[in-house]
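I opened the model to look up how its parts are arranged. My entries follow.

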2 protein chains.
Amino acid sequence: MSTGKLQLPIALDAMGGDNAPACVLRGAAMALVRHPGIKFILYGNRYILEPLLIEMPTLKAASEIAHTEIVIAGDDKPSVAVRRGRNSSMWMSIESVRDAHTCAIVSAGNTGALMAMSKLILRTLPGISRPAIAALFPTLRGECVMLDLGANVESDAKDLCRFAVMGDAFARAVLGLSRPKIGLLNVGSEELKGRDEVKEAYQLIKTSAQHLNFHGFIEGNDIAEGTVDVVVTDGFTGNVALKTAEGAARLIRTYLKDAFMSSVLSKSGALMASGALKVVKDKLDDRKRNGAMFLGLNGIAVKSHGGADAFSFCNAISVAVELVAHDINTRIMQEVKLSGDEVKTAEVKTGEPS
Amino acid sequence: MSTGKLQLPIALDAMGGDNAPACVLRGAAMALVRHPGIKFILYGNRYILEPLLIEMPTLKAASEIAHTEIVIAGDDKPSVAVRRGRNSSMWMSIESVRDAHTCAIVSAGNTGALMAMSKLILRTLPGISRPAIAALFPTLRGECVMLDLGANVESDAKDLCRFAVMGDAFARAVLGLSRPKIGLLNVGSEELKGRDEVKEAYQLIKTSAQHLNFHGFIEGNDIAEGTVDVVVTDGFTGNVALKTAEGAARLIRTYLKDAFMSSVLSKSGALMASGALKVVKDKLDDRKRNGAMFLGLNGIAVKSHGGADAFSFCNAISVAVELVAHDINTRIMQEVKLSGDEVKTAEVKTGEPS
């Protein structure tokens with residue numbers, strides 16, 4: 001979306017990611033074309049960034065550099081990063097959101113460190129005890145939102161219920177749906193099946209988040225099927241499911257590539273169908289869906305894939321812009337309040353004689 | 001493999017599955033060609049089976065029918081099936097394994113009911129408290145074994161350690177590997193990451209199952225990558241991961257089909273590359289990997305996909321034949337004993353002053 005003349009300031013962790021800062025800057029330059037109203041504060045080493053910006057006059061004009069020479073490495077442990085990375089590009093860029101110098105922060109750096117720092121600096125929204133990582137997944141019907149993708153390794157029923165509420169707000173904002181269908185990931189679609197916390201979450205969502213369009217349980221195959229718009233699960237299962245699907249997609253691509261290269265005839269066939277194959281490649285292009293949001297924090301933090309190229313990083317910036325423009329956190333708080341009130345009502349009701 | 005003149009008797013739940021009994025019988029007839037040494041006891045309704053067998057003289061000669069009119073429905077709850085299905089085709093066929101009338105049972109019926117009945121009738125092997133469902137998954141390097149795929153919704157560290165041991169025995173038997181590489185599914189490859197029970201299982205496998213070729217933690221994408229030969233996980237995560245991957249594969253197939261049909265040029269290209277595309281289709285053909293084993297039971301029970309066709313069901317029978325021929329349960333018990341002894345040794349060692 002265009003942000004018009006709003007001049008949204010976005011914080012970029014210019015030093016985070018495998019291809020930083022080059023792809024961060026090139027991605028930012030692309031994002032400027034897409035969203036002319038934004039500007040950037042680039043957190044990173046001035047002596048590395050300035051020479052690169054010479055070649056990018058438009059970006060240079062729309063950016064300022066906040067200098068730091070400290071960088072969080074991709075393999076730093078979150079606890080170490082939090083202790084020792086106080087003045088790192090990642091830390092400072094998150095602080096700029098807390099201090100309202102920027103509206104959102106985008107980083108392609110170390111996920112664990114980014115999550116730990118974001119939780120520490122931004123804190124969670126009222127009523128949310130655990131943030132969740134949300135991202136988009138391609139389906140037969142378009143796209144769905146899936147969360148949590150690994151912010152937590154354990155989630156109880158209440159967490160899962162909050163994820164449902166946050167996923168709903170995210171789907172309304174990013175997918176533009178008026179009434180997203182919410183599904184709870186389980187090993188069967190019957191009410192009696194599955195883990196205790198998942199069965200409890202089912203009941204909790206039904207009773208305390210009645211404003212949601214709750215479909216009930218779904219199974220793994222329903223994700224790509226597009227049975228629902230929001231897939232709710234714990235961070236362990238979500239992370240494994242997402243990465244397993246990515247692995248399966250890579251396997252099929254390799255099979256196809258090998259098969260097409262196996263003979264002159266198949267090579268020619270692939271060449272003739274290259275337009276069609278490009279369409280498929282585009283649909284499966286993870287770069288288009290780059291930008292996972294840390295939902296539930298008191299500020300917008302978007303995580304780009306660590307290996308993002310410029311196009312991919314630009315898309316992560318777009319996610320941040322969408323979330324700012326749709327005021328995602330106000331929406332989440334409204335929804336949490338709604339379901340919180342319902343929780344109380346449900347509790348009062350339970351206490352009454354029947 | 002050929003079973004020579006062994007005359008292995010296999011019990012078939014002739015009435016279980018969406019396409020029963022027709023596909024069960026046709027699959028059995030195909031299996032007879034593949035494994036001339038086997039014979040069948042067909043559990044099911046004589047008045048339905050006999051007319052079908054008239055057309056299959058070879059199968060008829062190698063089979064006997066054990067009559068029952070009771071059938072477990074696909075949507076029966078396991079608890080109900082166990083209570084009311086005592087003389088069903090499923091129940092009787094499992095009993096035949098317990099009573100050593102047959103060497104293995106194959107069913108395409110209700111998974112939950114089959115698991116519940118198998119546990120009740122066959123019991124678990126000494127040293128195993130929870131059975132696991134194991135099946136094969138395609139990888140870039142061939143195939144891997146994955147377990148548990150849904151026998152349990154929760155698993156503690158000890159269960160996961162037992163799954164590793166059973167998966168090792170399964171991979172040796174079915175994949176013919178001399179030293180299968182074992183991986184524990186987690187959300188990161190570092191020792192510190194993940195759920196407590198998974199971290200504990202890591203230590204337990206390292207200390208108490210030292211005979212295993214333990215690779216350590218793997219992530220979801222490693223499954224299709226073929227990083228390991230045996231993927232160990234709890235039944236909830238395994239079930240979700242498997243179904244998510246199946247869904248992703250279906251999504252890509254649909255994308256490809258739609259793309260190829262989108263123009264005359266791409267249609268012609270697909271036609272020219274049809275040989276290559278068939279190779280890919282074959283590699284991804286789930287029917288070839290049909291037949292999930294319930295590992296850890298005191299008897300061999302193989303679950304075919306409910307919607308199996310004859311070819312698919314025949315492959316499930318082949319899994320049963322392989323497992324019998326390789327004496328899977330003796331292998332498992334030997335390995336459990338080995339790791340059990342090591343557990344004790346490890347415990348003693350821990351008790352000693354260091």
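Before comparing copies, I note the method: they are superposed by least squares on the C-alpha atoms of residues with pLDDT of at least 70 in both. This is a predicted model, in which local features need pLDDT of at least 70 and side-chain atom pairs count only at pLDDT 80 or more, while totals for chains, interfaces and linings use all residues. Residues are numbered from 1 along each chain as its sequence is written, and chains are lettered from A and ligands numbered from 1 in the order in which they are written.

**Symmetry.** I laid chain A on chain B: a turn of 180° with a shift of 0.0 Å along the axis gives an RMSD of 0.0 Å. That is how a two-fold axis relates copies. The contact residues of chain A recur in chain B at 100%, and the same surface serves both copies.

**Contact between the chains.** I count residues as in contact if their C-beta atoms, placed from the backbone, lie within 7 Å. Chain A gives 54 residues and chain B gives 54 residues. Which element of chain A gives the most to the side that touches chain B? H10(A) does, with 21 residues. By class, this side of chain A has 29 nonpolar, 16 polar and nine charged residues.

**Chain A as a whole.** I list 14 helices and eleven strands, taken as DSSP runs (helices H or I, at least four residues; strands E, at least two) numbered from the N terminus. Of its 354 residues, 55% are buried, meaning that 20 or more other C-beta atoms lie within 10 Å of their own C-beta, placed from the backbone. The C-alpha atoms fill a box of roughly 75 × 60 × 40 Å along the principal axes.

**Around A:Ala320.** Leaving out residues up to four places away in sequence, I see A:Ala320 touch A:Ile10, A:Ala104, A:Val106, A:Ile300 and A:Val302.

**Strand S10 of chain B.** From S10(B) (residues 292-295), B:Ala292 and B:Phe294 point one way and B:Met293 and B:Leu295 the other. I find all four buried. Strands pair if DSSP finds at least two bridges between them. S10(B) pairs antiparallel with S5(B) (residues 132-139) over three bridges, and B:Ile133 stands opposite B:Phe294. Two bridges join S10(B) to the antiparallel S11(B) (residues 300-303), where B:Val302 stands opposite B:Met293. In the hairpin of S10(B) and S11(B), four residues lie between the strands, and B:Gly296 takes a positive phi near 100°.

How values were computed. Two residues are in contact if their C-beta atoms, placed from the backbone, lie within 7 Å. Ala, Val, Leu, Ile, Met, Phe, Trp, Tyr, Cys and Pro count as nonpolar, Asp, Glu, Lys and Arg as charged, and the others, Gly among them, as polar. A residue is buried if 20 or more other C-beta atoms lie within 10 Å of its own, exposed if 12 or fewer, and partly exposed in between; C-beta atoms are placed from the backbone.
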